[in-house]
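Q: I am new to this structure. Please pick one part, look at it closely, and then connect it to the rest.

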Amino acid sequence: MLLELRRYAIRSRTRIRFTLPQAGACMVDEHGVLKLPALRSVPEFRLDSSLDEADQFVLEPVEDSSRPRKISRQELLALLGTTPKAEHGSEE
């Protein structure tokens, strides 16, 4: 799911914020970079498997003046399912 989040953030120019019990506040920025500001050392957990614990996500458009919107895990999964796949031969 982390890879899909990164792709969606890049393609839609959106920051995606969520909270994990082990890591605190997390964000995937519009460049697809995962940021975990509360961590001060190498975590003892795998983020991709811990991501299943996040229930709420906040989508913040970067280029649009619209307000951030809070969505559930189900809504996010639906959005990720509609994200167009990369064109054949392109790298991400």
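A: Start with a pair of residues: Ile16 has Val28 as its bridge partner in β2. The model is predicted, so local features need pLDDT of at least 70 and side-chain atom pairs count only at pLDDT 80 or more, while totals for chains, interfaces and linings use all residues. Residues are numbered from 1 along each chain as its sequence is written, and side-chain values use heavy atoms, with hydrogens and water left out.

The part to look at is strand β1, residues 14-20. Strands here are DSSP E runs of at least two residues, and helices are H or I runs of at least four, both numbered from the N terminus. Two strands pair if DSSP finds at least two bridges between them.

β1 and β2 run antiparallel and are joined by five bridges. A hairpin of three residues leads from β1 to β2. β1 also runs antiparallel to β4, with four bridges between them. In that pairing, Arg17 stands opposite Val58. As a general point, strands of a sheet pair through backbone hydrogen bonds, either parallel or antiparallel.

Now the two faces of β1. Which residues sit on the covered face? They are Thr14, Ile16, Phe18 and Leu20. The uncovered face holds Arg15, Arg17 and Thr19.

Phe18 is then in contact (heavy atoms within 4.5 Å) with Leu5, Gly24, Ala25, Cys26, Val28, Leu34, Leu51, Ala54, Gln56 and Phe57.

Phe18 also belongs to the largest nonpolar core, which has 18 residues. Such a core is a set of buried Ala, Val, Leu, Ile, Met, Phe, Trp, Tyr and Cys residues joined through side-chain atoms within 4.5 Å. Buried means under 20% relative accessible area, exposed over 50%, and partly exposed in between, with a 1.4 Å probe and protein chains only. The members that touch the most others are Leu5, Ile16, Phe18, Leu20, Leu51, Phe57 and Leu76. Two or more residues come from each of α1, β1, β2, β4 and α3. α1 gives the most, with four residues. In soluble globular proteins, nonpolar side chains tend to be buried together.

Step back to the sheet. It is open and has five strands, in the order β3-β2-β1-β4-β5, with antiparallel pairing. β3 (34-35) and β5 (69-72) are the edge strands; each has a single partner, so one side of each is left without a neighbour in the sheet. β5 pairs with β4 (residues 56-61) in the antiparallel sense, over four bridges. There, Gln56 stands opposite Ser72.

Helix α1 (residues 2-12) touches β1, β2 (24-28), β3 and β4, and its direction makes about 150 degrees with that of β1. Helix α3 (residues 73-81) touches β4 and β5, at about 95 degrees to the direction of β5. Axes are lines fitted to C-alpha atoms, for helices over the stretch in contact, and angles run from 0 to 180 degrees between N-to-C directions.

In α1, the buried residues are Leu2, Leu5, Tyr8 and Ala9. They span an arc of only 125 degrees around the axis, which puts them on the same side of α1. The arc is that of the directions from the helix axis to the C-beta atoms. Their cover includes β1, β2, β3, α2 (47-50), β4 and α3. Just after α1, Arg13 takes a positive phi of about 50 degrees.

In α3, Arg73, Leu76 and Leu80 are buried. Their arc is only 60 degrees, so they lie on the same side of α3. They pack against α1, β4 and β5. The face of α3 turned away from this buried side carries the exposed residues Gln74 and Gly81.

Ser72 is in β5. Ser72 counts as buried because its relative accessibility is 18%. Not counting residues up to four places away in sequence, Ser72 touches Asp55, Gln56 and Phe57.

Last, the whole chain. The protein chain has three helices and five strands, in the sequence pattern α-β-β-β-α-β-β-α. Of its 92 residues, 32% count as buried. Among contacts with a separation of 6 or more, 42% join residues 24 or more positions apart.
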